[in-house]
Amino acid sequence: KGATSGSVRLELQADCHAGVWAKHAVATGFYGKPFTDADIQQAISAAEARSREARLRFTTDAAPMLISYIGADGRYRQMNHAYESWFGRPREQSIGRKMRDVLGDEAWRTLGPHVEAALAGREVRFESWVPYRSGGPRWIQATYVPDVDEGGRVRGFVAFVNDVTARKVAEAAVRESEGKSLSDLLAEFSR
């Protein structure tokens, strides 16, 4: 960890190799002019941006919940690794596709009104039983946060979705032991 970690050593090694490449690129004429301070600053800024993006991707991929960005057209733009675990297919097969096509018509009947609200600029929080096409039915707790530009136009929304099936099953067991049946509980939640 820290300054002596493998990742820091690797970054320093990459910086060293980049410096050697730059020196030889100029010396051999591959890069026709000496590097300016502006060239170096631009390269550093680009490397920092890639590093921030990689850390953000790692952070979202480490989360056990579904995290995705859906564009104003209802298509997935980004999604974290949890989608692969939940639905059993690489996320690349879902990115660019409409939510309804990925999740299935039955799931869409439940989720569609919440998606429409988010795309209308409203933050949405809900719990629901969702019969996903692949990955099976689940109780979910979801939050949809709209992405609104300076002019008030909705560009899309971020979806955070937790599987709360185990909690709902435990609640049902407690209610059943108190005299309520699982069908009573499902009827109560569907209202």
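How many salt bridges does the count come to in this protein? The count comes to twelve salt bridges, where a salt bridge is a side-chain nitrogen of Lys or Arg within 4 Å of a carboxyl oxygen of Asp or Glu. The model is a predicted one, in which local features need pLDDT of at least 70 and side-chain atom pairs count only at pLDDT 80 or more, while totals for chains, interfaces and linings use all residues. Residues are numbered from 1 along each chain as its sequence is written, and side-chain values use heavy atoms, with hydrogens and water left out.

The protein contains seven helices and five strands, which follow one another along the sequence in the pattern α-α-β-β-α-α-α-β-β-β-α-α. Here helices (H or I, at least four residues) and strands (E, at least two) are DSSP runs, numbered from the N terminus. Of the 191 residues in the protein, 30% are buried; buried means under 20% relative accessible area, exposed means over 50%, and partly exposed lies in between, with a 1.4 Å probe and protein chains only. The accessible surface comes to about 12,200 Å², and 56% of it belongs to carbon and sulfur atoms, as computed by the Shrake-Rupley method with a 1.4 Å probe, where for residues only the protein chains shown count as cover. Contact means heavy atoms within 4.5 Å, and among contacts between residues at least 6 apart in sequence, 37% join residues at least 24 apart.

The five strands form an open sheet in the order β2-β1-β5-β4-β3, with antiparallel pairing; two strands pair if DSSP finds at least two bridges between them. Because β2 (76–79) and β3 (124–131) stand at the edges, each with a single partner strand, one side of each is left without a neighbour in the sheet. Neighbouring strands of this sheet are turned by 25° against each other on average, direction ignored. Such angles run from 0 to 180 degrees between N-to-C directions, and the axes are lines fitted to C-alpha atoms, for helices over the stretch in contact.

Within this sheet, β3 and strand β4 (residues 137–148) run antiparallel and are joined by eight bridges. Among the bridge partners are W129 with W139 in β4, and S128 with I140, also in β4. The two strands form a hairpin with five residues between them, and G135 in the turn has a positive phi of about 95°. On to β5, the pairing with β4 is likewise antiparallel and extends over nine bridges, with F157 in β5 as the bridge partner of P146. The hairpin of β4 and β5 has five residues between the strands, and there G152 takes a positive phi near 90°.

Helix α6 (residues 165–177) lies across β3, β4 and β5, and runs at about 130° to β4.

Some of the salt bridges can now be located. The side chains of R138 and D163 meet at 2.7 Å, N to O; R138 lies in strand β4 and D163 in strand β5, so the pair ties together parts that are 25 residues apart in sequence. R138 is buried, with a relative accessible area of 13%, whereas D163, at 35%, counts as partly exposed. Another salt bridge joins the side chains of D147 and R155 at 2.9 Å, N to O, where D147 is partly exposed at 21% relative accessibility and R155 is partly exposed at 34%. In helix α6, K168 and E171 are three residues apart and thus separated by about one helical turn, and their side chains meet in a salt bridge of 3.8 Å, N to O. K168 is buried at 4% relative accessibility, while E171 is partly exposed at 26%. Salt bridges that share partners join E127, R167, K168 and E171 into one network.

S94 is buried, with a relative accessible area of 4%, and touches Y76, M79, R89 and V102, not counting residues up to four places away in sequence.
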